[in-house]
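I opened this notebook to keep track of what I looked up, entry by entry. The structure comes first, and my notes follow.

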Amino acid sequence: MKKIRNTTAWILLIVLIIGLFAGCSKEGNPDAESGEPETTTAAQTTAVEETTKVEPGQTRPITDPDAPLEYEISYTNVYLYEVGSGSVWIQAIAEITNTGEAALSLDTATFHVKNDAGETIASKGNIHSYPTVLTAGEKGYFYIETPIEGTDVNAQMTLDPQVEISKTSLIRHTFEASDTKLSTNALGDLTVTGKIENTTDKSFKTVYIAAILYDKNNLPIGVIPSSLSYSLLAGETAELECSAFALPDTIDKEAVASFTIWAYAITAT
């Protein structure tokens with residue numbers, strides 16, 4: 001009987017040890033009970049709201065807030081011209097098309113201007129965008145007019161834009177423009193005038209405005225940026241005026257077949 005009791009005790013001890021090991025193994029893997037593999041989440045995606053163009057100021061969630069960052073540089077152009085007493089300037093533009101579902105922030109860009117041999121002759125950074133936030137299917141523009149040194153105005157150049165774009169949770173409140181008109185001011189500069197209306201119940205301290213100019217082939221040939229010098233109160237209508245800074249002389253009223261007005265404010269969610 002003593003031998004049987006000893007044997008039984010050893011069996012119970014072995015079972016206890018096996019049970020302890022099994023318990024430790026399951027505690028180390030919290031997914032073991034469900035039978036699912038362990039997963040690691042690299043980052044959390046913030047739900048994004050976008051602004052519709054049909055009803056300015058209204059927002060709605062995008063179809064898929066986890067959509068990947070998708071866009072394309074759909075058009076580029078660089079043009080050399082003279083301003084004043086022979087100073088050579090460049091006008092450069094890069095069109096961005098939002099080809100995905102997520103709202104995008106056009107953060108900044110660097111423009112590399114290259115010659116026929118593919119050599120970079122100038123680089124310009126901190127390029128602004130118009131508008132700064134794009135919803136699905138929309139187009140935006142990185143754009144500059146600036147002097148360039150040591151370059152023949154007749155040289156053939158190409159533009160290599162390096163853009164910084166990210167998904168965003170910012171909301172763009174778009175205001176409807178009306179009574180818009182393209183004219184030439186007393187200085188001979190192209191000017192776009194009209195009215196914008198804030199149909200929301202919110203007031204905005206900063207309102208950005210940009211007139212995008214297109215030729216007869218619907219290609220962008222210039223951007224005239226501006227902003228309101230005062231707050232746009234809820235329900236208020238304001239006068240807009242955008243005057244060109246240093247557009248090439250080739251871009252006059254006859255060259256502009258159409259134009260689009262962006263008037264908007266940006267707020268956080």
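What percentage of the residues of the protein count as buried? I found that 37% of the 269 residues do, and I keep in mind throughout that the model is predicted.

**Entry 1: overall picture.** I looked up the secondary structure and noted 1 helix and 17 strands. For the contacts between residues at least 6 apart in sequence, I noted that 68% join residues at least 24 apart. The accessible surface of the protein comes to about 15,500 Å², and carbon and sulfur atoms account for 50% of that area.

**Entry 2: confidence.** I read a mean pLDDT of 80 for the protein, with 76% of its residues at 70 or more. Over residues 1-63, however, pLDDT stays under 50, and for this stretch the model has 61 contacts beyond four places in sequence. Where pLDDT is low, the predicted coordinates should not be read in detail.

**Entry 3: salt bridges.** I counted 3 salt bridges in the structure, and I took them one by one.

Glu95 pairs with Lys139, and the closest N and O atoms of this bridge are 3.8 Å apart. The two residues are 44 apart and the pair links distant parts of the chain, with Glu95 in strand β4 (residues 87-98) and Lys139 in strand β9 (residues 139-147). Glu95 is buried at a relative accessible area of 7%, whereas Lys139 is partly exposed at 37%.

Asp160 forms a salt bridge with Lys114, for which I noted 3.4 Å between the closest N and O atoms. Because Asp160 lies in strand β10 (residues 158-167) and Lys114 in strand β5 (residues 104-114), the pair ties together parts that are 46 residues apart in sequence. Asp160 is partly exposed, with a relative accessible area of 23%, and Lys114 is partly exposed, with 22%.

Arg172 forms a salt bridge with Glu138, where the closest N and O atoms are 2.8 Å apart. Arg172 lies in strand β11 (residues 171-174), while Glu138 lies in the loop between β8 (133-134) and β9, so this pair ties together parts that are 34 residues apart in sequence. I noted that both Arg172 and Glu138 are buried.

**Entry 4: aromatic rings.** I found 5 aromatic pairs in the structure, including that of Tyr79 and Tyr81, which is stacked because the ring centres are 5.9 Å apart and the planes stand at 15°. Tyr79 is partly exposed, with a relative accessible area of 33%, whereas Tyr81 is buried, with 5%.

**Entry 5: a nonpolar patch.** Which residues form a nonpolar patch on the surface? I noted Leu69, Tyr71 and Ile73, which together have about 230 Å² of accessible area. Tyr71 belongs to strand β3 (residues 71-83) and counts as partly exposed at 30% relative accessibility.

**Entry 6: around Ser226.** I looked up Ser226 and placed it in strand β15 (residues 220-227), where Ser226 is partly exposed at a relative accessible area of 24%. Leaving aside residues up to four places away in sequence, Ser226 touches Tyr208, Ile209, Glu241 and Cys242. I also looked up Ala210, 16 residues from Ser226 along the chain, and noted that the C-alpha atoms of the two are separated by 5.9 Å.

Key:
Residues numbered from 1 in each chain as written. Predicted model: local features only at pLDDT ≥ 70, side-chain atom pairs only at ≥ 80, totals over all residues. Heavy atoms only, no water. Patch = residues over 30% accessible without salt bridge, like charges linked within 9 Å, V, L, I, M, F, W, Y side chains within 5 Å. Areas by Shrake-Rupley, 256 points an atom, 1.4 Å probe, with all protein chains shown as cover. Salt bridge = Lys/Arg side-chain N within 4 Å of Asp/Glu carboxyl O. Helix = DSSP H or I, 4+ residues; strand = E, 2+ residues; numbered from the N terminus. Buried < 20%, exposed > 50% of the residue type's maximum accessible area, 1.4 Å probe, protein only. Contact = heavy atoms within 4.5 Å. pLDDT = per-residue confidence, 0-100. Phe/Tyr/Trp six-rings, centres within 6.5 Å; stacked < 30°, edge-to-face > 60°.
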